[in-house]
Amino acid sequence: MGTIENTRLGRYGIWTFDFDDQPAGLIRDSVRELEELGWPAVGVPETHGREALTHAGFLLSVTERLTVVNGIAQIWAREPRRTQAAARLLAEAYPDRHLLGLGYGAGQPGARPLQAMSDYLDAMDESPAPGTRRLLAAYGPKMLALARDRSAGAHTYHVTPEHTAQAREILGDGPFLGVEHAVLFETDAARAREIARAHLHTYLTSRFNVAKFQRLGYTEADIDGGRGSDRLVDDLVFWGDLDTVTGKLQAHLDAGADHGGVQVIGVEPGTSALPHWRRLADALLPA
């Protein structure tokens, strides 16, 4: 499974859905600029637009130093041995630049997430291909313990610094903890919350995500039928000016995260988040 040295990932990286719907040429130009700006890592999910491992391979092929994180590759999308074989090739071709994040994702009817993930890891480990570095998407105590015991650490998504502190306690000092957090450059509260609610609706109507929020102390009133209270929305999307946003991101590192994946939301369809990524680079990255 390997261990993760944070020298390549850095304290902050970019996490983005944007590449799902963009043409390859635009993705290439964007990720090259991210590298030129000094971003050490980019994390990409697997939803409807791109297959996880070929996506990672493309991003690696058009850059020279950037670490690419699958955050996350869904376990239902491919057989475990295929995942292991693909990750092995990327590890050989781009040493120390690819990090495989695995997650339960959308799941399957009747499947139990913890058992499904454990079985998937068993099958990966039976592969004749050598083990590769991997993270698990993990929120609850049992999945975090599995991430601690069967991987190099955990990847979390839409969580609070309080959750980050809890995750660090379960993981202990050694395993890696990467935390995604959404940010929005909007200073008008009503407009910011409108955009944030649209972004969060899917997660506020998802059983496993709602359970995650309730474990953190949010109530049914906070979930509000998928709308989200102001308190919950403000905790899950850091909005405001640059200083406000970056100041709030620091809380995850203070709580024990090794790396923060910054997801910029509120970008109009067909446009690029690069202007915001440039501003964040100036504020978050070492000179």
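In the predicted model, Leu102 contacts residues from several separate stretches of the chain once neighbours within four places in sequence are set aside. These partners comprise Ile72, Ala73, Ile75 and Thr83, then Met117, Tyr120, Leu121 and Met124, and finally Arg134, Leu135, Leu136 and Ala137. Leu102 is also listed, with Trp39, Val42 and Trp277, among the residues that have the most contacts inside the largest nonpolar core, a set of 58 residues. Another core, of 18 residues, lies apart from that one and includes Leu200, Val210, Phe213 and Leu236.

Strand E9, spanning residues 259–264, is mostly covered, with 6 of its 6 residues buried. Burial applies to both of its faces: His259, Gly261 and Gln263 lie on one side, and Gly260, Val262 and Val264 lie on the other. E9 pairs with two strands. Strand E1 (residues 12–15) pairs with E9 in the parallel sense over 3 bridges, and in this pairing Gly13 stands opposite Gly261. Strand E7 (residues 176–184) likewise runs parallel to E9, to which it is joined by 6 bridges; Val264 of E9 is the bridge partner of Val183.

Ser127 is located in the loop that connects helix H5 (113–126) to strand E5 (134–137). Its relative accessibility is 11%, and Ser127 is therefore classed as buried, the cut-off being under 20%. Beyond residues up to four places away in sequence, Ser127 touches Arg81 and Gln84. The C-alpha atom of Ser127 is separated by 37 Å from that of Leu216, which lies 89 residues away along the chain.

For the protein chain as a whole, the secondary structure amounts to 13 helices and 9 strands. Its C-alpha atoms occupy a box of roughly 55 × 40 × 35 Å along the principal axes. The radius of gyration is 18 Å; a compact globule of 287 residues would have a value near 19 Å, so the two agree. Of the 287 residues, 55% are buried. Contacts between residues at least 6 apart in sequence were also examined by separation, and 74% of them join residues at least 24 apart. The accessible surface comes to about 12,600 Å², with 51% of this area belonging to carbon and sulfur atoms.

Key:
Residues are numbered from 1 along each chain as its sequence is written. This is a predicted model: local features need pLDDT of at least 70, side-chain atom pairs count only at pLDDT 80 or more; totals for chains, interfaces and linings use all residues. Side-chain values use heavy atoms; hydrogens and water are left out. Buried means under 20% relative accessible area, exposed over 50%, partly exposed in between (1.4 Å probe, protein chains only). Helices (H or I, at least four residues) and strands (E, at least two) are DSSP runs, numbered from the N terminus. Two strands pair if DSSP finds at least two bridges between them. Contact means heavy atoms within 4.5 Å. A nonpolar core is a set of buried Ala, Val, Leu, Ile, Met, Phe, Trp, Tyr and Cys residues joined through side-chain atoms within 4.5 Å. The radius of gyration is taken over C-alpha atoms; the globule rule is 2.2 Å times the number of residues to the power 0.38. Accessible areas come from the Shrake-Rupley method with a 1.4 Å probe; for residues, only the protein chains shown count as cover.
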